[in-house]
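Hi,

Here is the structure I promised to pass on.

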Amino acid sequence: MEGYYMYKIGDLFIYGANGACKIADIKTENFNRNEKIYYILVPVFDIKETIFVPADNEQLVSKMKKILSPAEIQDLIKTIPDKESIWIENVNLRRETYKKIINTANRDALFSLIKTLYERRKELKLLGKNLSVCDENLLRQAQNIIHSEIAAVLEIPLSEVTLYIENQLHAA
């Protein structure tokens with residue numbers, strides 16, 4: 001049982017598309033007559049949800065990415081203006097590629113994705129059109145991951161993250 005404790009109760013992580021999560025508990029659970037040790041994660045900004053991650057499942061545990069430091073967040077925000085667009089015209093390829101980015105929770109790629117979809121939304125608005133429902137959902141998921149991490153690390157309300165990022169970009 002001890003060998004699984006790579007992490008401890010209270011540790012913060014990004015867990016895939018769930019965004020910032022905290023380890024609420026580490027305990028043995030018996031699901032389907034199979035007793036295992038689980039990390040019990042609770043999304044920081046959605047305490048109604050609980051995620052059970054088997055401590056011996058390397059693939060699932062690898063989705064638990066250590067949360068960034070305030071300095072690392074500042075550095076990432078500064079890179080936003082230099083991010084290249086990753087727009088993909090083919091709807092199916094775009095959806096598949098963007099879902100992979102969201103599921104891996106790679107922060108650089110997430111910032112590129114958010115910037116791309118923001119810019120696309122602005123272009124379409126000038127034409128009197130809207131971003132597709134699918135693209136809006138992908139944007140919302142990517143923002144949830146990034147915004148929940150920034151809010152958790154900087155201890156600011158989730159609703160203030162967009163303004164915080166904008167202020168950081170204007171100050172640069």
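Predicted model: local features only at pLDDT ≥ 70, side-chain atom pairs only at ≥ 80, totals over all residues.

Numbering runs from 1 along each chain as its sequence is written, and side-chain values use heavy atoms, with hydrogens and water left out.

**The sheet**

β1 (12–15) and β2 run antiparallel and are joined by three bridges. Helices (H or I, at least four residues) and strands (E, at least two) are DSSP runs, numbered from the N terminus. Zooming out, five strands make an open sheet, ordered β4-β3-β2-β1-β5, with antiparallel pairing; two strands pair if DSSP finds at least two bridges between them. β4 and β5 (64–66) are the edge strands, each pairing on one side only. From one strand to the next, the twist averages 50 degrees.

G19 is in the loop between β1 and β2. With 0% relative accessibility, G19 counts as buried (buried is under 20% relative accessible area, exposed over 50%, partly exposed in between, with a 1.4 Å probe and protein chains only). Leaving out residues up to four places away in sequence, G19 touches F13, I14, N144, I145 and S148, where contact means heavy atoms within 4.5 Å.

**The helices**

Helix α5 (residues 133–154) lies across β1, β2 and β5, at about 105 degrees to β2. Axes here are lines fitted to C-alpha atoms, for helices over the stretch in contact, and angles run from 0 to 180 degrees between N-to-C directions. The axes of α5 and helix α6 (residues 161–171) come within 10 Å and cross at roughly 85 degrees. That makes the two roughly perpendicular (65 to 115 degrees; under 35 is roughly parallel, over 145 roughly antiparallel and the rest oblique). On the α5 side, H147, I150, A151 and L154 meet V161, T162, Y164 and I165 of α6.

Over in helix α4 (residues 107–126) there is T116, which counts as buried at 2% relative accessibility. Again not counting residues up to four places away in sequence, T116 touches E84, S85, I86, W87 and Y98.

**The aromatics**

How many aromatic pairs does a search of the whole structure find? Five. The rings of Phe, Tyr and Trp (its six-membered ring) pair if their centres lie within 6.5 Å; planes under 30 degrees apart count as stacked, over 60 as edge-to-face and the rest as tilted. Y7 and F13 have ring centres 4.6 Å apart and planes at 80 degrees, so they are edge-to-face. Both of these residues are buried, and Y7, F13 and Y39 form one aromatic cluster.

F31 and F52 are also edge-to-face, because their ring centres are 5.5 Å apart with planes at 85 degrees. F31 belongs to β2 (residues 20–31) and F52 to β4 (residues 51–54), so this pair ties together parts that are 21 residues apart in sequence. F31 is partly exposed at 36% relative accessibility, and F52 is partly exposed too, at 35%.

One last item: the charged end of R121 sits over the ring of Y118, 5.6 Å from its centre. The criterion is NZ of Lys or CZ of Arg within 6 Å of the ring centre and within 35 degrees of the ring normal.

Cheers
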